[in-house]
Each structure stands twice: as C-alpha cells, then as structure tokens.
Amino acid sequence: MKVEVDQARCGTIGICVKECPEIFRFQEGSKKAVAVIEEVPPRWQAKCREAAQKCPNGAIRITE
Ligand code: SF4
C-alpha cells in the first residue's frame, strides 16, 4: 500500500498529522502535509486509511 498527499488539495488542516504522525508530517515552509514514507507498513495501514477518510479535502491518495 502506497500513500501520497496531493499538495494542491492539502489545506493545512492537520487531521492526518494528528491521526497518524508515523506517516504524515507538516513540511517546514509550506505547512502542507507530506507522507514521510511512501510504502506503508502493514501495522499502520488501518490508521493511514482512516486519516485519508477524515481528510476534508480528499488530499490523501492511497494506492494498493
Ligand atoms: S488532513 Fe488533508 S488537508 Fe489536512 S493536512 Fe492532512 S492532507 Fe492536508
């Protein structure tokens, strides 16, 4: 499972960073979130999916 944050859609709301800090961080400067790891380890996949569902901007893209 892979994850990425669409920088054009991310609105700096931070739900993903709060829900799943193992994967999502704010970048210095732009303050938009990024996925710090592209390939999500199995133990974080459920959390990562949940964060994607909660993102109000639909900015988190998951590919299997
Ligand atoms: S929840 Fe969505 S909009 Fe908010 S920081 Fe994360 S990716 Fe960006």
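Predicted model: local features only at pLDDT ≥ 70, side-chain atom pairs only at ≥ 80, totals over all residues.
1. C10 has a relative accessible area of 12%, and C16 has a relative accessibility of 9%. Buried means under 20%, so C10 counts as buried and C16 does as well.

2. The nonpolar core. The largest one has 17 residues. V3, I23, F24, V40, C48 and I60 are the members with the most contacts inside this core. At least two of its residues come from β1 (2-5), and at least two from α2 (45-54). Helix α2 gives the largest share, three residues.

3. Contacts of I60. Leaving aside residues up to four places away in sequence, I60 touches V3, E4 and V5, along with C16, F24, A51, A52 and C55. Among these partners, V3 and F24 are also listed with I60 as having the most contacts inside the core.

4. Which residues of α2 are buried? They are Q45, C48, A51 and A52. Viewed down the helix axis, the buried residues of α2 fall within an arc of 120°, so they line one face of the helix. The face turned away from this buried side carries A46 and Q53, which are exposed.

5. For A51 and A52, one of the contacts is with I60. Both alanines are among the buried residues of α2.

Conventions. Residues numbered from 1 in each chain as written. Heavy atoms only, no water. Core = buried A, V, L, I, M, F, W, Y, C linked by side-chain atoms within 4.5 Å. Buried < 20%, exposed > 50% of the residue type's maximum accessible area, 1.4 Å probe, protein only. Helix = DSSP H or I, 4+ residues; strand = E, 2+ residues; numbered from the N terminus. Contact = heavy atoms within 4.5 Å. Arc of directions from axis to C-beta.
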